[in-house]
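Hi there,

Here is the structure I promised to pass on.

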Amino acid sequence: MPYKLIDAPLLTADQIRTRVYELAQAVESTTSEPLHLIAVLKGSIVFLADLIRAMRGPITLDFLAVSSYDANLSSGTVQLLKDIDTDIKDQSVVIIEDIVDTGLTLEYVQTLLRSKKPKTLQSVCLLSKPSRRQTKVAVDHVGFEIEDHFVVGYGLDYEQQYRHLPHISIVEVTSEQ
Ligand code: IMP
């Protein structure tokens with residue numbers, strides 16, 4: 001599908017840095033230590049890397065992977081590709097997610113992890129598109145609420161491209177060549 005990357009960032013690297021620092025403080029002040037962070041691959045890796053370096057700790061990490069997003073459309077079904085490796089029973093668990101769109105992925109991940117009986121389960125997402133929500137999933141900490149745009153950079157991809165950008169930009173998918 002032809003697309004265009006909009007030059008001007010939607011969110012600059014400076015804006016992201018400031019907000020990620022605030023999120024790190026907010027997560028640590030509302031959850032009892034030690035924290036066990038579970039990042040949803042792959043989009044959350046850059047966010048996770050910056051978030052943990054703004055935390056005091058102690059923290060431990062794990063990862064899970066769910067079915068990848070199909071281009072710029074949510075398929076509506078979520079599949080587990082990789083489960084966590086650690087036992088989270090009675091732990092203070094925090095889900096790290098890049099973006100909440102329809103909410104189906106986060107809802108799936110929360111249900112999966114809740115079944116493993118953590119002491120507490122919080123969710124922190126860098127971005128949220130409230131107008132796209134299809135479920136009433138709870139997100140404890142949101143970095144930025146954005147309009148209904150497809151965005152890339154800072155870990156987020158369009159067809160696996162642009163994850164390396166230090167800022168977040170809009171991709172416009174067009175039907176014209
Ligand atoms: P949801 O299940 O519809 O909430 O979608 C969640 C997943 O879709 C995210 O973890 C992303 O991988 C992907 N996604 C949703 N919106 C975007 C976007 O604007 N850019 C890149 N990936 C997105």
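**What I found**

Strand β9 (residues 169–173) pairs with β1 in the antiparallel sense, over 3 bridges. Please keep in mind that this is a predicted model. Within that pairing, L5 has V171 in β9 as its bridge partner.

The two strands belong to an open sheet of 3 strands, which runs in the order β1-β9-β8 with antiparallel pairing. β1 (3–5) and β8 (150–152) are the edge strands, each pairing on one side only. From one strand to the next, the twist averages 35°.

Next, the aromatic rings. The count comes to 3 aromatic pairs. In one of them, the ring centres of F150 and Y158 are 5.8 Å apart and the planes stand at 75°, so this pair is edge-to-face, the angle being over 60 degrees. Both partners are buried: F150 has a relative accessible area of 15%, and Y158 is at 1%. Ring pairs also join Y3, F150, Y158 and Y162 into a cluster. Two of these names take you back to the sheet, as β1 covers 3–5 and β8 covers 150–152.

You will find S44 in the loop between β2 (35–41) and α2 (45–53). Is S44 buried or exposed? Its relative accessibility is 0%, so S44 counts as buried. Leaving aside residues up to four places away in sequence, S44 touches A39, I96, E97 and D98.

Methods:
Residues are numbered from 1 along each chain as its sequence is written. This is a predicted model: local features need pLDDT of at least 70, side-chain atom pairs count only at pLDDT 80 or more; totals for chains, interfaces and linings use all residues. Side-chain values use heavy atoms; hydrogens and water are left out. Helices (H or I, at least four residues) and strands (E, at least two) are DSSP runs, numbered from the N terminus. Buried means under 20% relative accessible area, exposed over 50%, partly exposed in between (1.4 Å probe, protein chains only). Contact means heavy atoms within 4.5 Å. Rings of Phe, Tyr and Trp (its six-membered ring) pair if their centres lie within 6.5 Å; planes under 30 degrees apart count as stacked, over 60 as edge-to-face and the rest as tilted. Two strands pair if DSSP finds at least two bridges between them. Axes are lines fitted to C-alpha atoms, for helices over the stretch in contact, and angles run from 0 to 180 degrees between N-to-C directions.
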